Amino acid sequence: MSASAAGENVTIRRGYVSVAVSPGKHLMVHYRAAGAGPAVVLLHDSPRSSRLHAPLMKLLASRFSVFALDTPGYGNSDPLPFANPTIPNFAEALGATLDAMGLAQAPIYATHTSAKIALALAVRGGRMPQLVLDGLSIPDQPADDAFITAYMRPFAPEATGAWLAAEWSRTRDMLRWFPWFAVDAGHRISMEPPSPEWLEDYGIDLFSAGPHYADAYTAAMRWSPLEDLLAVKVPTLVGARSDDVLYPHLAKVPTDRNPALSIQRLGADRTAWAEWIASTLEGCAKAERQPGAGAAEGSRGYLDLDHRQLHWTRHSGPGHQRPLVILSAPSTLEAHHWASVMAPSRAVLVPDLPGFGDSDPLPDNAADADAIADALAALIADGAGAGCDVMALGLASPIAARLSARRPDLVVSLVIWGAPALSAQDPALAPAIAFDPLAGSHLHQFWHMLRDGAVQWPWHDARPSAARDAAIPDADDLHRALTGLLKQRTNYGQAIAAAMAANQPDDWQRVEVPVVVGNDPAMATSASLIALLAQATAFMVPQDPVRVPEALNRALDEAGRNAKVKAKT
C-alpha cells in the first residue's frame, strides 16, 4: 500500500515522557504517536513541533508505529534547563528521550535543525540503524554573532499586544526570504507559498515555542556538521527537495570520504517526497518499541477518552489537603493564576476544557454539559481521586455545577467565582474568528478578548458598569493563553456554549454538595445563586491578597465538615 493511499482515519495520540538531562534535572518531552508495526521516529525543524509531521504520520501509520517528538523548548516540551544549549546538548536529550521511550533502536527521519541533532547523537553513542536527514545545512563557516543576533530577534510579549504585528510579519517573511530580514529579490526562497492551513500551524508552533524559539535554531547555526559526517558509522542518507533552501548543500556531503554516507536529490513533488521517506524507512525499520516504556508522571499529561484526549496540568502542593481542581473558560488564564495562588497550600489540577489548548473537542453531537462533566469526572477519578474540591471561574461555573450534581461522590465542595447571570445568552462571548493569513488579525482579536476579559465583563463591554476589580494579566500569561486559543481557533467556544445551555435555575438546584460562592460583581451577584443552592455560603474576599489562600482553604474546610455532618444525619 502506498503512503499516499493511506486513509485519513488515523488516530494520533499525544503524551509526555520524563527525561533526566543532568543530575537532579528532568524535563517533560512531548510526543505524538500513531500506527502499528516497526517503530520509526520523526524529528522536526525549528521553530516547528511534532505538529509539523501530523500529515506524514497519517501516511506512515499503515506501515509503522510512528513517534514524532517535540524538541526541548518547542511544542509542548520543556526547554533544556541551562542557557545557550549546543547541538550536543540537544543530542544528549534526544538520546535520553529515545531510551526512556524504548525507541533507541528505531530509525530516525530528521529535517533541518533536527538533522544536526540526530547526526550528533549517532556519532555520540546513538543506536539507531539508519538516519534519514532531510535538508542538512553544511555552511562553509558557522554564522557569525551579528547574523545570529539579527535572525534571532527576541520573542518578547508585552501587554498592549503591539508585538503581535511584528511576530506575524516575521512568520510570513521566514517563508519568503532567507534570511527573513533580507527582504530583497536576491534572498527570495524558491518555494511555492504554503497553504493557509500550513501557515496557521506554523504560527501556532512559533507561538508555542515563544521565547525559546531560538534555542535549537541558534545552536544549529553555530554548529558545523562536517566532523560528524566524517565520523558517523550509522548508515546516513542525506536528501533534500529541489525547492528546499538547503538543496545546494547536498553537494557538500563527503560521500567520498565516508562510506556510511549517501545522498538523494528529490524533486519538488511532495507526494514523491513522502513515498521516498516511507520506502527508505521501510527498508530499515525492524524493531518494535522496546518494553518498559509508558506514560510519565509529571506536571502535565493527557487522559485518554475513547478517540479523544483531555490535557491537564498539575501544580504541586502539600498532600495533607484535599486536591483542588480549577476550571475556567474560554482559556485557562484565570485558572492558572488561581493555581499559583493556591498551590503553596494544596495540590492543584487544571484541565484544558474540551476544545481549548491541548484538549480535543468533543463530537458536535455530544458537546453538552453532561459530556464535559463526565470527561472531567474521569480525569478527577484518574488524577485526583474521590474527595477533591472544585473551583470554577466565570463561564466554567455551570460546567462545575453539572459535574458536582452528577458526581457528588468525587466532589466534596464547590467554589463558584463569578458565575454568569442565570439564563444569560450572549453569542458575542465566543465569536467565530477567522484565520487571517495576510495581517494576522486573528492574533489581535484573541489577545484583546483575553486582555479585556480580565478587566471588564462581558469582555466586549467597555462601560464603567462592567469594570472588574482586576489588573491586566502579565504579558507572558496572556501569551500562553493566546497560544491555547490558537490551537483550537474553531473549537474554543464549545465549552462556553455547553455552559450557557446548562445555566438555568433548575440546573443549579440539582447541586447538593456544599458551595462557597465568591462574588465578582461585574459578572453576577452571589445572592441569586445562594438562594438556589441547597448548601451555600458567601465567601468574603480579604482585602489583603496574601490572606486569600488561607481564607479560601478555611471556607473549604468548613464546607467539607458541613458535608460530613449532613451525610451522618
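Author: Glu 200 is buried, since its relative accessible area is 17%. Please bear in mind that this model is predicted.

Reader: Why is Glu 200 called buried?

Author: Buried means a relative accessible area under 20%. Glu 200 has 17%, therefore the term applies.

Reader: What makes the contact between Glu 200 and Arg 489 a salt bridge?

Author: A side-chain nitrogen of Lys or Arg must lie within 4 Å of a carboxyl oxygen of Asp or Glu. Here the N to O distance is 2.7 Å, so the pair of Glu 200 and Arg 489 qualifies. The two residues belong to distant parts of the chain, 289 residues apart: Glu 200 is in helix H6, and Arg 489 is in the loop between helix H14 and helix H15. Arg 489 is buried as well, with a relative accessible area of 18%.

Reader: How do you know that Asp 304 and Arg 13 form a salt bridge?

Author: The closest N and O atoms of Asp 304 and Arg 13 are 3.6 Å apart, and the cut-off is 4 Å, so the pair counts.

Reader: Why is Asp 304 called partly exposed?

Author: The term covers values between the limit of 20% for buried and that of 50% for exposed. Asp 304 has a relative accessible area of 49%, so it is partly exposed. Arg 13, with 23%, is partly exposed too.

Reader: What makes Asp 374 part of a network?

Author: Asp 374 forms a salt bridge with Arg 406, with the closest N and O atoms 3.0 Å apart. Asp 374 is in helix H11 and Arg 406 in helix H12, 32 residues apart. Salt bridges that share partners join Asp 370, Asp 374, Arg 402, Arg 406, Asp 507 and Arg 510 into one network. Asp 374 is partly exposed, at 34%, and so is Arg 406, at 37%. For the structure, the count of salt bridges comes to 30.

Reader: What classes of residue make the contact of H2 with H3?

Author: There are nine nonpolar, one polar and one charged residues in the contact of H2 with H3.

Reader: Why is Cys 388 called buried?

Author: Its relative accessibility is 0%, and the limit is under 20%, so Cys 388 counts as buried. Cys 284 is buried at 12%. A search of the whole structure finds zero disulfides.

Reader: What makes Ser 331 buried, and where is Ser 331 placed?

Author: Ser 331 is in the loop between strand S11 and helix H10. Its relative accessibility is 6%, under the 20% limit, so Ser 331 is buried. Leaving aside neighbours within four places in sequence, Ser 331 is in contact with Phe 356, Leu 450 and Ala 481. Ser 331 and Tyr 492 are 161 residues apart in sequence and 8.0 Å apart in space, C-alpha to C-alpha.

Notes. Residues are numbered from 1 along each chain as its sequence is written. This is a predicted model: local features need pLDDT of at least 70, side-chain atom pairs count only at pLDDT 80 or more; totals for chains, interfaces and linings use all residues. Side-chain values use heavy atoms; hydrogens and water are left out. Ala, Val, Leu, Ile, Met, Phe, Trp, Tyr, Cys and Pro count as nonpolar, Asp, Glu, Lys and Arg as charged, and the others, Gly among them, as polar. Buried means under 20% relative accessible area, exposed over 50%, partly exposed in between (1.4 Å probe, protein chains only). Helices (H or I, at least four residues) and strands (E, at least two) are DSSP runs, numbered from the N terminus. A disulfide is a pair of cysteine sulfur atoms within 2.5 Å. Contact means heavy atoms within 4.5 Å.
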